[in-house]
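Hello,

Here is the structure I promised. My notes follow below it.

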Amino acid sequence: MRTTKSLNQEWKFHYGEIGSPNKIAKKAHALGGLTAPITGEAGEPVNYGAGGEHFLKLIAQGNLQQGLKNLAGTVLNAALDQSWQTVNLPHDWKISQPYVQDPALLMSGSKAEGIGYYRKTFDLAEELIGQQRVILHFEGVMRSADVWLNGAYLGNNNSGYTSFSFDITEMARYGDEGINALLVRVDTTTGAEGWWYEGAGIYKNVWLELVPLTAFDREGAYIYTKELRPEYALMGAELSVENRSQDLVEAAPTITINDQVIQFDQQAIPPYEKRIFKQEFRISAPILWSPEKPHLYEAIFRISTDECRKKFGVRTFAYDTNGFYLNGASYELRGVCEHQDFAGVGVALNQDLVDYKVKMMKAMGVNAWRSAHHFASEELLEACDRLGIILMNENRLLESTPWRIADLEKMVIKSRMHASVGFWSVANEEIIGNTALGSRIAERLVQTIKHNNYESLVVSAELLNPEGKVEKSYLTNYDVLGVNYPEADAMGPGAIKIKENHPELPIMSTESASYFSTRGIYRDNEENCQCSNLGSMFSMILPGKRQPGDPGVGGTARPEKVMAYLNKHSYMGGVFLWTAFDYYGEPSPFGWPAISSQFGIADLCGFPKDYYYYYQATWCEEPVIHLMPHWNEEGLDIDADGRVSVRVFSNASEVELFVNEKSYGKKTVEAHIANWEVPYQAGKLKAVAYKNTRIVAEASHETSSVIQTVKSERIFAGREYDLYKLVALDKQQRFVPTACEQVAVSVENGEIVGLANGDPANHDAYSLTNVRLFQGQALVIVRAEKEAGLKAMIQA
């Protein structure tokens with residue numbers, strides 16, 4: 001049976017070029033250097049037989065090493081010096097690099113591009129020879145990756161968003177042959193794929209898979225929903241079995257789902273050939289997968305020599321001119337768009353960090369997620385399946401170059417059995433969209449998706465224009481036309497005109513909002529790159545502070561306008577908000593010294609901003625009340641009359657506002673918002689929510705004094721990582737929302753792997769021992785052996 005072995009631990013890493021090994025060899029497995037065993041490691045740099053030894057001595061006066069140099073150009077003097085550090089995967093080297101003021105780097109996060117090397121050694125047992133294939137898997141390397149093993153060049157992978165694998169069965173070393181030496185060169189200078197922070201390095205898992213000689217193609221094993229009926233679900237199954245032995249074998253696969261066994265007919269498989277098996281079957285009284293009830297079935301694929309397990313969901317997706325349908329019923333998509341980075345670790349996210357991000361959005365009422373603008377990671381796919389999120393997977397570019405097509409096909413097959421994958425987006429805002437060229441390319445990409453995935457709907461996220469002009473032949477490639485920012489003033493009535501001119505065309509909102517806000521900030525501050533949560537006067541189109549109504553003020557569109565547009569145009573199927581979290585790079589509306597976006601509904605750390613609760617009040621049933629701003633005079637926008645704007649988000653019918661127990665009246669909550677203008681007076685600001693005259697929720701803020709202590713609160717417990725929030729408190733244990741002190745952090749029974757504060761202009765040097773509070777909070781990511789003991793002390 002197949003087994004796996006993680007290679008995530010104890011890599012050696014070197015930042016900077018060290019002299020790239022040759023890719024073309026004069027003699028097999030003879031490149032040597034860091035691509036092979038070095039001094040102190042088991043095994044020779046080059047394995048040679050008796051004839052080889054004799055020949056090498058003949059050509060070099062008896063000096064074997066000189067013979068290798070002369071004949072093969074073998075590097076024999078390589079060593080690891082002190083510039084190599086030990087790292088564990090996932091790893092993003094760019095996150096620890098200093099920020100650089102360079103306009104060319106601003107969009108990508110103001111971090112320099114570079115080159116890095118990773119080296120890893122591992123053993124293989126001699127008993128594996130002739131019994132199992134050895135597959136080396138890379139889940140993701142950012143960006144251009146060259147790989148060497150045991151003195152030979154394995155190959156290259158271009159895209160940082162694509163997984164890749166090598167069958168190293170024959171070239172691996174076993175038993176007394178010595179260790180296997182793996183070298184990876186990672187180069188981010190070859191050209192960026194995105195205009196956001198993409199990170200650098202081996203930022204996802206690496207592992208070995210030991211596979212029987214006669215085995216399933218695991219990625220090719222596919223169970224899918226063909227039809228839902230009241231009594232049963234009609235399912236399809238496809239799988240393939242490959243015989244990599246020298247013998248003819250017979251295979252009669254089975255699939256076990258709960259107590260049900262699906263038996264396939266027996267087929268003979270000649271040596272080194274593959275056979276495809278297909279069959280329909282039924283699941284009686286199926287439990288359907290949905291975001292509200294994400295039920296997963298487990299399928300166990302078996303033959304006599306192999307077994308693999310995969311989870312799947314029974315569900316159907318459809319879309320027409322009225323919107324989206326899940327399992328045959330109309331369903332509103334409440335989605336977010338999201339890149340794959342996170343505070344403190346860059347793009348080096350493990351399953352725990354992805355789970356944290358998804359759970360934060362799920363608690364806001366989100367039921368859909370767009371992987372923008374790249375293939376979804378395996379961790380995201382798994383989290384969406386398990387936690388209940390409809391996923392829009394996305395291809396990187398509208399290109400049909402051979403390697404892009406190969407990457408797309410591979411990633412479609414890899415993700416297609418995941419219950420969450422409801423959509424495939426072919427591309428995002430491509431300027432060749434709606435052209436004859438774009439149509440030809442789109443047809444190829446759509447065919448590639450639909451040939452390998454029978455269930456997901458295919459969409460493309462298109463640029464709008466105020467006139468609503470589209471190329472109909474281009475749009476016929478897609479199940480749904482996706483449009484970005486249909487509610488935005490800058491797009492005019494473009495989406496409405498498309499609907500009027502093409503009433504037969506299903507249309508959806510694939511990107512909305514892009515609303516500026518900085519967590520905890522209620523007064524615009526250009527110097528500090530901060531945007532008020534009450535509505536910024538900075539524009540994404542024009543420089544400096546603007547006036548209300550100017551183009552792009554506050555972002556592409558306010559959240560209230562997004563929701564109003566959706567309510568009026570329900571045929572759009574829902575929304576995908578830009579973005580769930582702030583992300584490194586693309587620092588609109590500011591340039592340097594800003595280093596991150598401010599579009600997030602939560603900040604870089606996942607700490608909610610105020611409008612998180614607006615969406616929560618809109619989408620959730622349980623009582624919600626959120627009160628803004630904080631009530632410390634410092635940081636408030638107080639007008640000439642001493643008055644302050646106060647806003648409450650709630651799903652109650654009425655809210656009453658109090659300042660120091662003095663009521664400023666009840667207000668009807670309209671579209672989940674109530675606003676007041678009240679005189680500022682230090683003390684206590686309180687809001688009380690009513691439903692049918694009954695109090696259902698309260699929220700309050702108290703004026704605090706200077707910071708006295710820092711409390712650590714564990715906000716997420718994962719399998720490997722725990723997340724802690726640091727909170728500033730005064731002497732009376734009141735939250736200090738304006739604190740920005742430096743804090744020294746240490747941990748017992750664990751290891752700190754990331755520190756961050758969510759400040760969109762934070763240039764502090766990378767550290768795992770010190771973090772500055774931002775608006776009274778910071779984040780600590782801990783790799784915990786057991787429950788960690790976290791200590792946080794204010795620095796003088």
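Which residue caps the N-terminal end of H2? Asn63 does: a side-chain oxygen lies 3.1 Å from the backbone nitrogen of Gln65.

First, the basis. This is a predicted model, in which local features need pLDDT of at least 70, side-chain atom pairs count only at pLDDT 80 or more, and totals for chains, interfaces and linings use all residues. Residues are numbered from 1 along each chain as its sequence is written, and side-chain values use heavy atoms, without hydrogens and water.

Helix H2 spans residues 64-72 (helices are DSSP runs of H or I, at least four residues; strands are runs of E, at least two; both are numbered from the N terminus). Leu64, Gly67, Leu68 and Ala72 are buried there (under 20% relative accessible area, 1.4 Å probe, protein chains only). Seen down the axis of H2, these residues fall within an arc of 100 degrees, so they line one face of the helix (the arc is taken from the directions from helix axis to C-beta atoms). Their cover includes helix H1 (50-58). Just after H2, Gly73 has a positive phi of about 70 degrees.

Now the sheet. It is open, with 5 strands in the order E41-E42-E45-E43-E44 and antiparallel pairing (two strands pair if DSSP finds at least two bridges between them). E41 (709-717) and E44 (770-772) stand at the edges with a single partner strand each, so one side of each lacks a neighbour in the sheet. Strands E42 (721-729) and E45 (777-794) are joined by 7 bridges. Lys725 has Leu779 of E45 as its bridge partner.

Best wishes

Key:
Buried < 20%, exposed > 50% of the residue type's maximum accessible area, 1.4 Å probe, protein only. Contact = heavy atoms within 4.5 Å. Polar contact = N/O pair within 3.5 Å; in protein donor to acceptor, adjacent residues only side chain to side chain.
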